[in-house]
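Look at the sequence and the structure before reading the points.

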Amino acid sequence: MFERTGKYMSENDLGIILLRKPENLFYFSEFSPIAGGYVLIHPEESKLLVPELEYDAAQRESKLTVELIDDFNDVSKILEDFDRVGAESDFPLHLSKSLENVTDLVDISDHISDLRKIKSDEEI
């Protein structure tokens with residue numbers, strides 16, 4: 001899945017992908033945070049970003065590197081380094097205002113939906 005996403009990122013000139021929907025967090029990290037979190041997909045390393053309440057459990061269960069965040073401002077600071085950011089179409093308005101420094105927020109919902117339709121041997 002990360003290989004296909006990396007190819008999609010390259011084809012669409014995306015520097016990074018930000019996911020927040022619970023089903024997508026689980027799909028990419030194999031961890032279901034109760035208090036929320038974010039997955040950042042980057043060609044070099046993908047990460048699960050979670051608040052302190054989720055950190056220990058995420059460390060045990062996630063297949064991604066786990067980073068502690070205090071709030072969405074921590075995420076927006078990371079994204080400032082990228083001109084084009086892929087995100088789900090229903091990204092909350094109050095959070096998208098924090099991304100004003102991002103030149104281009106690109107809807108990748110269709111790609112994520114298509115990606116989730118393709119099952120690996122492990123998922124079957």
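In this predicted model, isoleucine 16 has valine 85 of strand S5 as its bridge partner. Isoleucine 16 belongs to strand S1, which covers residues 16–19.

**Strand S1 and its neighbours**

- S1 and S5 (residues 84–87) pair in the parallel sense, over three bridges.
- S1 also pairs with strand S2 (residues 38–41), in the antiparallel sense and over three bridges.
- Within that S2 pairing, isoleucine 17 has isoleucine 41 as its bridge partner.

**Side chains of S1**

- In a regular strand, side chains alternate between the two faces of the sheet.
- In S1, Ile16 and Leu18 point one way, while Ile17 and Leu19 point the other way.
- All four of these residues are buried.

**Aromatic pairs**

- A pair of aromatic rings is described by the distance of the centres and the angle of the planes.
- The count of aromatic pairs is two.
- The ring centres of tyrosine 27 and phenylalanine 28 are 5.1 Å apart and the planes are at 85°, so this pair is edge-to-face.
- Tyrosine 27 counts as buried because its relative accessibility is 9%, under the 20% cut-off.
- Phenylalanine 28 is also buried, with a relative accessible area of 0%.
- The ring centres of tyrosine 38 and phenylalanine 72 lie 5.3 Å apart with the planes at 55°, so this pair is tilted.
- Tyrosine 38 is in strand S2 and phenylalanine 72 is in helix H4 (residues 72–79), so the pair links distant parts of the chain, 34 residues apart.
- Tyrosine 38 and phenylalanine 72 are both buried.

How values were computed
Residues are numbered from 1 along each chain as its sequence is written. This is a predicted model: local features need pLDDT of at least 70, side-chain atom pairs count only at pLDDT 80 or more; totals for chains, interfaces and linings use all residues. Side-chain values use heavy atoms; hydrogens and water are left out. Buried means under 20% relative accessible area, exposed over 50%, partly exposed in between (1.4 Å probe, protein chains only). Helices (H or I, at least four residues) and strands (E, at least two) are DSSP runs, numbered from the N terminus. Two strands pair if DSSP finds at least two bridges between them. Rings of Phe, Tyr and Trp (its six-membered ring) pair if their centres lie within 6.5 Å; planes under 30 degrees apart count as stacked, over 60 as edge-to-face and the rest as tilted.
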